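Please look over the sequence and the model below, beginning with the chain as a whole and then turning to one pair of helices.

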Amino acid sequence: MEYLEFFRQRATLRSFSSTRHISDEQLNQLLAAASHAPTTGNMQLYSVVVTRSAEGKKRLAPCHFNQASVEGCDALLTFCADFRRFEAWCEARGARPGYDNFHSFVTALIDTTIFAQQFVTLAELNGIGSCYLGTATYSAESIAEILELPKRIVPVITLAAGYPADEFPKPSDRLPIEGIIHHERYSDYTRDDIDRIYAAKESLPENAGFVAENQTPSLAHIFTDIRYPRSLNEEISRTFGDFIKKQGY
């Protein structure tokens, strides 16, 4: 229980030091430790491409909408759902793999996500911050071309990592735990439940500022109309879905 307060105070880091660097040895140690995270059948269905050169980060930046953290971070990590290595092992031993399907991709996706988050936790415990870039699935095919990813490998998570330029930022708001936990069965939400659960989030000055600045009826409209509109969701669903099939799933 000693780490509860540490995790309550954790936050995403977007501004990285340009003078303090993660050594290759330290990065490898953190990734090796993270690889002990849970994995389906102990298959470890993931790989990570580490980009540290300025040139490499510059090439990847447009794939992530040129977010400043891409070129500003110390290490850019692309975590990939990867059945290629496991299939190669099976075939080398005369076994016949059957992993060219959607379920296998989801299995690798889950493994990769757990691995990435284990790395984030270990890095933070060692004073290293990171930022999940949600654009990895938006630009999966372009990322794959730059990183030369063969079939059965799909980039699913990109992390910008490094030591903080200044102090770690304050943690983001979170819903009250009563809005997340269900006991014995799922209890659907009433309108009163929704009003109560989201009241604190909606009342935050920065969120009220977003609403005023964008002239939307509510904070919910920021998400549905501006950040993640239907048109974007449907476009990414199409392009990412097509790319997953192209990669052999």
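The chain exposes about 15000 Å², of which carbon and sulfur atoms supply 52%, accessible areas being taken from the Shrake-Rupley method with a 1.4 Å probe. This is a predicted model, in which local features need pLDDT of at least 70 and side-chain atom pairs count only at pLDDT 80 or more, while totals for chains, interfaces and linings use all residues. Residues are numbered from 1 along each chain as its sequence is written, and side-chain values use heavy atoms, with hydrogens and water left out.

Of the 249 residues in the chain, 38% are buried, that is, under 20% relative accessible area. The C-alpha trace spans about 60 × 45 × 40 Å along its principal axes, and the chain holds 11 helices and four strands, assigned as DSSP runs (H or I of at least four residues for helices, E of at least two for strands) and numbered from the N terminus. Among contacts (heavy atoms within 4.5 Å) between residues at least 6 apart in sequence, 80% join residues at least 24 apart.

Two packed helices are described by the angle between their axes and the distance between the axes. The axes of helix H9 (residues 205-214) and helix H10 (residues 219-227), lines fitted to C-alpha atoms over the stretch in contact, come within 9 Å and cross at roughly 55°. That angle makes H9 oblique to H10, since angles under 35 degrees count as roughly parallel, over 145 as roughly antiparallel, 65 to 115 as roughly perpendicular and the rest as oblique. Asn207, Phe210, Val211 and Asn214 of H9 meet Leu219, Ile222, Ile226 and Arg227 of H10 in this contact.

Notes: Axes are lines fitted to C-alpha atoms, for helices over the stretch in contact, and angles run from 0 to 180 degrees between N-to-C directions. Buried means under 20% relative accessible area, exposed over 50%, partly exposed in between (1.4 Å probe, protein chains only).
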